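Visitor: Please select one part of what is shown and examine it closely. I would then ask you to relate that part to its surroundings and to the remainder of the assembly.

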Amino acid sequence: METLRLSEVRKSYGIGTPLELEVLHGIDLVLERGEFTALMGPSGSGKTTLLNIIGLLDRPNAGRLFIEGRETGELDEAGLTRMRGRSIGFVFQYHYLLPAFTALENVMMPILAARGRPDDEMRATAATLLDRVGLTPWRDNKATEISGGQQQRVAIARALAMKPALVLADEPSGNLDTQSADGVFDVLREINETSQTTFLIVTHDPRLAQRCDRIIELVDGRIVSDRPNPNVVRRG
Amino acid sequence: MNRFAFFELIVAFRFMREGLMQTLLIIVGVGLGGGVIVFMSALLSGLQANVVRRTLNYQAPIVILPPDQVARPLRAAEGAEIAAQVQPRSQRLRSIDQWQKIRDQVERMPDVIAVTPIVAGPGFVLRGDASKSVTITGIEPETYFRVIALDEKIIAGRFDVGPLDIIIGTELAKDLGANIGDKFRLATASGATATLTAIGIFDFGNKGVNERNVYVALRSAQNLLDLVGGASAIDVKVRDPFTAETIAQTIRAGTDLQVESWIVTNAQFFTAMRAQILTNTLIRIFVGLTVALGIASVLVVSVIQKSKEIGILRAMGASRGQVLRVFLIQGGAMALVGSVLGSLLAWTFLVIWRGVARNPDGTPMFIIQIEPSLFAIAMFAATVVGILAAATPARRAARLDPVVAMRS
């Protein structure tokens, strides 16, 4: 079952100006449910642009994008926001936690935005997610009171709060030391295997990419390589 | 509504708590501004009410008078011309023609509370060697007191004036060395005289009125001023004194009588009052603008400071409307809390003012009613101003592109 399909997706900046620049040149990509995929490429290859388009934070200039079988080109701003909230989770290089809220409240935030008012079920879901990323003892700490690795784990738990079909992670361990990076990656992998959530992870780190099921390489806005990773044996 | 309520409220209040110093400063600013507006409004309305009350103590809101007598020039015969200089006629004291009918008609008007006929004219009070010129006012006590609260102004004696009684003011009593029970001779220019007994002494708080006005029974005044069965004026009391001129115009339209409202006869006072209201309004506008700009500037800074948070809220599914409302709530809440503080401040100052601003005899200089409605209006208005002031930064926050916001 497809979680994501991109068909001939193009993205240009500065259209109609002498500085017009096409950064994505007709991307075709399908991610099946439960895939754990690494997206690699040098700086300026269009990885973040592609991730923003897939995450419905930006629109392509051409091509079609389907999330869980639904074409997104027809959706208006409000529809895109709803779909983003419901179907996609984000983990960024920087955690972007809300400093005024506790770890538990940060995880609750996407559900609160969708439902409008807090309830016990919401709290229980957030507490379970924090437990899965090993942060139960810190659930009532403010986001500013925990370490960088812990903050990124809270961000992962927040990305999973709405039980999204697809999680997009942009250099999720880029700001962390090797030990913390491995820990964060372990958490992502464990969630992927237990809940069949599809992950697309942008990374520069070949060591981490080697832990993914599939590795896609993007160079100058084109997919130059898309291969399964023979080194990975799935446990799920 | 349920869907709206909590997310925006929770985020808005956490954002405010996060920037606590900013929030407190703007709340104090709104409080001071709001306090000034509420205090000034209460003071001014108290002052105005006091002046209006004092003026209407001894003056009816509307007075109906007979039409002026006019000199009629000779009518020229056909083909002939007359060279004439027409001099205005001197006005003598006259009765209103069919005053009973007019009184009844006016009494039936919807905004009229009470109507009373009077006979008023010049006269002299004589006692021993002393004589004083006065305005004799003949009244029907039962209707007159409903228009002019003379009965409440009696400081000695009684007010149920009979055919042989007279009520005089404190100043006149002092000038004549008279007291309750003393007899006076009241004389008019026509030569009519009457000997009357002082049954009451009034104090309107106005030296001129206390010195000049005397009150007798209507029938006594009719005899003294040679207006038997007549009424030289009809005094009218209306529900809202500030509508007196409109009602006077309605009465005037249906008759040839002179109808004077207190608004026209006290034009100078109203000009001063209008100037005062204008000044107060200008101060209110400028204070309000300062408060609004304060709130707006704090929120503009807040939007810039929190652009990353706004970006992530948008990325995880918060709509533009939700982000907009987060900042509108902040504007409204800061203004509301500030206005509560301002109302408390104004209330404290008003209580202090009431204790301090007193006449030498210890009576209040003027009565300030501390109306809860004024505070409620101030809080409502401040909240609306706060929300409006927040509109621009809120729209800016809602329009932030999440990708750009997170990158900033």
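Guide: Strand β5 (residues 165–169) of chain B pairs in the antiparallel sense with strand β8 (residues 213–217) of chain B, over two bridges. Strands pair here if DSSP finds at least two bridges between them; strands themselves are DSSP runs (E, at least two residues), as are helices (H or I, at least four residues), and both are numbered from the N terminus. The model is predicted: local features require pLDDT of at least 70 and side-chain atom pairs count only at pLDDT 80 or more, whereas totals for chains, interfaces and linings use all residues. Residues are numbered from 1 along each chain as its sequence is written, while chains are lettered from A and ligands numbered from 1 in the order in which they are written.

β5(B) also pairs with strand β7 (residues 193–202) of chain B, in the parallel sense and through five bridges. Ile168(B) takes part on both counts: it stands opposite Ile201(B) in β7(B) and opposite Val214(B) in β8(B). In a regular strand the side chains alternate between the two faces of the sheet. In β5(B), Asp165(B), Ile167(B) and Gly169(B) point one way, Ile166(B) and Ile168(B) point the other way, and all are buried. A residue is buried if 20 or more other C-beta atoms lie within 10 Å of its own, exposed if 12 or fewer do, and partly exposed in between, with C-beta atoms placed from the backbone. Because five of the five residues of β5(B) are buried, the strand is largely enclosed by the rest of the structure.

Contact means that the C-beta atoms, placed from the backbone, lie within 7 Å. Ile136(B) has 25 C-beta neighbours inside 10 Å and therefore counts as buried. Between Ile136(B) and Leu186(B) there are 50 residues in sequence, and their C-alpha atoms are 8.8 Å apart in space.

At the level of the chain, the domain assignment divides chain B into domain 1 (2–55 + 270–407) and domain 2 (99–262), the bounds coming from an automatic or database assignment. Their centres, taken over C-alpha atoms, are separated by 51 Å.

Two helices of chain B also deserve attention. Helix α10 (residues 267–305) and helix α12 (residues 320–356) of chain B pack at about 145°, with their axes 11 Å apart; axes are lines fitted to C-alpha atoms, for helices over the stretch in contact, and angles run from 0 to 180 degrees between N-to-C directions. From α10(B), Ile295(B), Leu299(B) and Val303(B) meet Phe327(B), Gln330(B), Gly331(B), Met334(B) and Ala335(B) of α12(B). This contact comprises six nonpolar, two polar and no charged residues, where Ala, Val, Leu, Ile, Met, Phe, Trp, Tyr, Cys and Pro count as nonpolar, Asp, Glu, Lys and Arg as charged, and the others, Gly among them, as polar.

Chain B meets its partner through 23 residues, which are in contact with 23 residues of chain A. The elements giving two or more residues to this side of chain B are α1 (2–18), α11 (307–315) and α14 (402–407) of chain B. α1(B) contributes the most, with 10 residues. By class, this side has 13 nonpolar, four polar and six charged residues.

β8(A) is parallel to β7(A), with five bridges, and to β3(A), with four. Ala169(A) stands opposite Ile201(A), and Phe36(A) has Phe199(A) as its bridge partner. These strands belong to an open, mixed sheet of six, ordered β6-β7-β8-β3-β9-β10 (chain A). β6 (88–91) and β10 (222–228) of chain A each have a single partner strand, so one side of each is left without a neighbour in the sheet. From one strand to the next, the twist averages 15°.

Methods: Two residues are in contact if their C-beta atoms, placed from the backbone, lie within 7 Å.
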